[in-house]
Amino acid sequence: KYVCPAEGVLDPESGEMVPPEEVQCAVDNNMYLVAKTSAMWGGSPPPLFCAPKTMIAETPRWDYNSWCPWQSPIWGQSDGWSEPFGTMAPGDVYYGPNTATENVPPEVVKADYPAYVKAAVDQSPGDACLLAGTCCIDKKSQKGGSWKSCPGGCANSFVPNLAVGDVARTDVEGCCWWGRGAIQTTGICNFGKLNYFAGKKAADRGKSA
């Protein structure tokens, strides 16, 4: 949620300052997003996600110290899950990409990824919870890792000198402006600049975009 400076953002063409509220993206506390990619080493965390408190009020933390069955079908899988899930490798059963749920067996699929996260908190990864759909399906080919709870929610790091983000958070409401990809753009101001000078807002103003 890095906001634009109060004095505004310089328009390089006109040389004038554009008010911050015209440039930066608005924070939508009802936004629900799941990133498409993540690291794939054993126990690595799943894709980033954001969701309103109505979907997940307190966010757990990720613990990489566990193992997940992912290469071969597990005992009871063909009885518990309908085809094609009953005979596929567990690593091919997962939430995603993004907010998709069709890669999870209908017998255990939750309404959305945050609902799965809540069900997966403090589970012990292994065959039983995988078969129940409450662990090891955060991403494709998940080799390990699980969600752990903290009393009152797991707080993030904070930066005291920020206008927004100077207080630790235990939720992910409105926290949808993470940096991904080659340019590593982050926050509502940087995304807003990209949109204002090269995206839809530029096109709406009759600029080349």
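Guide: The peptide bond running from Glu-83 into Pro-84 is cis, with omega near 10°. Pro-97 also lies in the loop between α2 and α3, and the bond from Gly-96 to Pro-97 is cis too, with omega near 0°. Keep in mind that this is a predicted model, where local features need pLDDT of at least 70, side-chain atom pairs count only at pLDDT 80 or more, and totals for chains, interfaces and linings use all residues. Residues are numbered from 1 along each chain as its sequence is written, and side-chain values use heavy atoms, with hydrogens and water left out.

Visitor: What makes a stretch a helix or a strand here?

Guide: Both are DSSP runs numbered from the N terminus: a helix (H or I) needs at least four residues, a strand (E) at least two. On that basis the protein has 6 helices and 6 strands, in the order β-β-α-β-β-β-α-α-α-β-α-α from the N terminus.

Visitor: Why does the span of helix α5 agree with what it should be?

Guide: The expected span is 1.5 Å times one less than the number of residues. Helix α5 covers residues 187–198, which is 12 residues, so it should span 16 Å; its end C-alpha atoms are 16 Å apart, and that agrees.

Visitor: Why is Gln-77 called buried?

Guide: Buried means under 20% relative accessible area, exposed means over 50%, and partly exposed is in between (1.4 Å probe, protein chains only). Gln-77 has 0% relative accessibility, so it counts as buried. It belongs to helix α2, residues 77–80.

Visitor: Which residues is Gln-77 in contact with, leaving aside neighbours within four places in sequence?

Guide: Contact means heavy atoms within 4.5 Å. By that rule, Gln-77 is in contact with Phe-85, Gly-86, Thr-87, Met-88, Pro-90 and Leu-131.

Visitor: And Asp-122: why is it called partly exposed?

Guide: Its relative accessibility is 43%, so Asp-122 counts as partly exposed. You'll find Asp-122 in the loop between α3 and α4, with a positive phi of about 65° although it is not a glycine.

Visitor: Is Cys-136 buried or exposed?

Guide: Cys-136 counts as buried, because its relative accessibility is 4%. Cys-136 also has a positive phi, near 65°, in a residue other than glycine, and its place is the loop between α4 and β6.

Visitor: What makes a set of residues a nonpolar core?

Guide: The residues must be buried Ala, Val, Leu, Ile, Met, Phe, Trp, Tyr or Cys, joined through side-chain atoms within 4.5 Å. The largest one here has 27 residues, and those with the most contacts inside it include Phe-49, Tyr-113, Leu-130 and Trp-147. Helices α3 and α4 each supply at least two residues of this core, and α3 gives the largest share, 4 residues. Apart from it lies another core of 6 residues, among them Val-9, Val-18, Cys-189 and Tyr-196. In soluble globular proteins, nonpolar side chains tend to be buried together.

Visitor: Which residues of α5 are buried?

Guide: They are Gly-187, Ile-188, Cys-189, Gly-192 and Tyr-196. The buried residues of α5 pack against β2, α1 and α6.

Visitor: How much of the whole protein counts as buried?

Guide: Of its 209 residues, 41% do.
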